[in-house]
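Colleague: I have just opened this one and would like a careful walk through it. Could you start with the words you rely on, and then take me to the details?

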Amino acid sequence: MIQYRYVKKTVNHAQLGQRLDQALAKLFPNYSRSQIKAWIIDGLVKVNGLVKTVPKKILFGGELIEIKILIKDKSCYVAQDIHLNIVYEDDDIIVLNKPPGLVVHPGAGNADGTLLNALLHYYPPILEVPRAGIVHRLDKDTTGLMVVAKTVQAQICLVKSLQAREITREYEAVSVGTMISGGTVEQPIARHATKRTHMSVHPMGKPAITHYRIIAHYRAHTLLRLRLETGRLHQIRVHMAHIHHPLVGDPLYCGRFRPQKGASEKLNTVLRCFNRQALHAIFLRFYHPITSIEMEWQAPLPEDMVILLEALQIENKKFKN
């Protein structure tokens, strides 16, 4: 049986002139803007007793907002003993280094075996925190640092920091091709029109900004350091493919493997066997949600990326000689 709960809040008079979706994001910071927009479009939001389905509707302040929220059956989330590489923990947050192959949240095709299931086993009270405290996500085969909130208060503060772009997230990646200089990709991203598991650059998409700089050049590849201003699904992967430098091994955006002309068999074997995007969340910095102390972490590159870079370096030396 489908169950709903109803939440009510009054729009602050200081929010005069704000759009409905913007005002609700302020009133309900525990929910993402995409979730709020979906509620509005689905007719689950009432303003002064009337259903409103236009996110851009302008408010005057003082309106009574009522949202009809689907109650998800938390019992469907099963605690599972899955190893977590925790690099820091206190009463409010967990910072972990995610391995490749671990899906962050249950979804279609991944009912369990996810980071969420692992968190429920490691810290059962986290069930009471929305999304089990997950503040941001990494793709299944992207490795590296993530922060998880252990309390509702910590999660609200971290979500606000993320929306205000106060959390610094940096990645290292190996791209195909020799890049000349660093730069910024500022291109909106949307769901691909025909390939529903893909994202793409689209003028009607959500704003997305990726900064990148070169760490090392190889004969036909480049090691990059990237920093996100926004956090769209597949953002780095889509942006690098858009500028014709897709990430090594990316199953969605790099295309079929082609042996590198003139490369040794060893390097081609390493490249052929690298069956995930060469992307690692290497650096994370933010102000602690409760103490406001600035904190930062770094996570070393995973073994498969180390092996890849060693093979590229050996190839570099061979051609220089």
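Modeller: Let me begin with contact, which means heavy atoms within 4.5 Å. In the protein chain, counting contacts with a separation of 6 or more, residues 24 or more positions apart account for 66% of them.

Colleague: Before we go on, what kind of model is this, and what is left out of the values?

Modeller: This is a predicted model, in which local features need pLDDT of at least 70 and side-chain atom pairs count only at pLDDT 80 or more, while totals for chains, interfaces and linings use all residues. Residues are numbered from 1 along each chain as its sequence is written, and side-chain values use heavy atoms, with hydrogens and water left out.

Colleague: OK, how is the protein chain divided into domains?

Modeller: There is domain 1 (4–70), then domain 2 (76–159), then domain 3 (165–320), with bounds that come from an automatic or database domain assignment. The C-alpha centres of domain 1 and domain 2 lie 28 Å apart.

Colleague: And how many helices and strands does the protein chain have?

Modeller: The protein chain has seven helices and 15 strands, where helices (H or I, at least four residues) and strands (E, at least two) are DSSP runs, numbered from the N terminus. The radius of gyration of the protein chain is 22 Å, close to the 20 Å that the globule rule gives for 321 residues, so the chain is as compact as a globular protein of that length. That radius is taken over C-alpha atoms, and the rule is 2.2 Å times the number of residues to the power 0.38. Along the principal axes, the C-alpha atoms fill a box of roughly 75 × 45 × 40 Å.

Colleague: What share of the residues is buried?

Modeller: Buried residues make up 46% of the 321 residues, and here buried means under 20% relative accessible area, exposed means over 50%, and partly exposed is in between (1.4 Å probe, protein chains only). The protein chain exposes about 16,800 Å², of which carbon and sulfur atoms supply 53%; such areas come from the Shrake-Rupley method with a 1.4 Å probe, and for residues only the protein chains shown count as cover.

Colleague: Can we look at one helix? Is α3 mostly covered or mostly open?

Modeller: Helix α3, residues 115–122, is mostly covered, since six of its eight residues are buried. Among them are Leu115, Asn117 and Leu120, and the cover over the buried residues of α3 includes strands β6 (93–98) and β7 (143–149).

Colleague: What about Ile209, which residues does it touch?

Modeller: Ile209 is in strand β12 (residues 209–217) and is buried, with a relative accessible area of 12%. Not counting residues up to four places away in sequence, Ile209 touches several residues, including Arg165, Val185, Leu228, Glu229 and His239. The C-alpha atoms of Ile209 and Glu229 are separated by 5.5 Å, although the two are 20 residues apart along the chain.

Colleague: You mentioned Arg165; what is its phi?

Modeller: Phi of Arg165 is near 60 degrees, a positive value in a residue other than glycine. Most residues other than glycine have a negative phi. Arg165 is in the loop between α4 (152–163) and β8 (168–176) and counts as partly exposed at 45% relative accessibility. His244, in the loop between α5 (235–242) and α6 (265–273), has a phi near 70 degrees, also positive, and at 67% relative accessibility His244 counts as exposed.

Colleague: Last one: where is Pro251, and which residues does Pro251 contact?

Modeller: Pro251 is found in the loop between α5 and α6, and at 55% relative accessibility Pro251 counts as exposed. Leaving aside neighbours within four places in sequence, Pro251 is in contact with Arg237 and Gln277. Pro251 and Gln277 are 26 residues apart in sequence and 7.0 Å apart in space, C-alpha to C-alpha.
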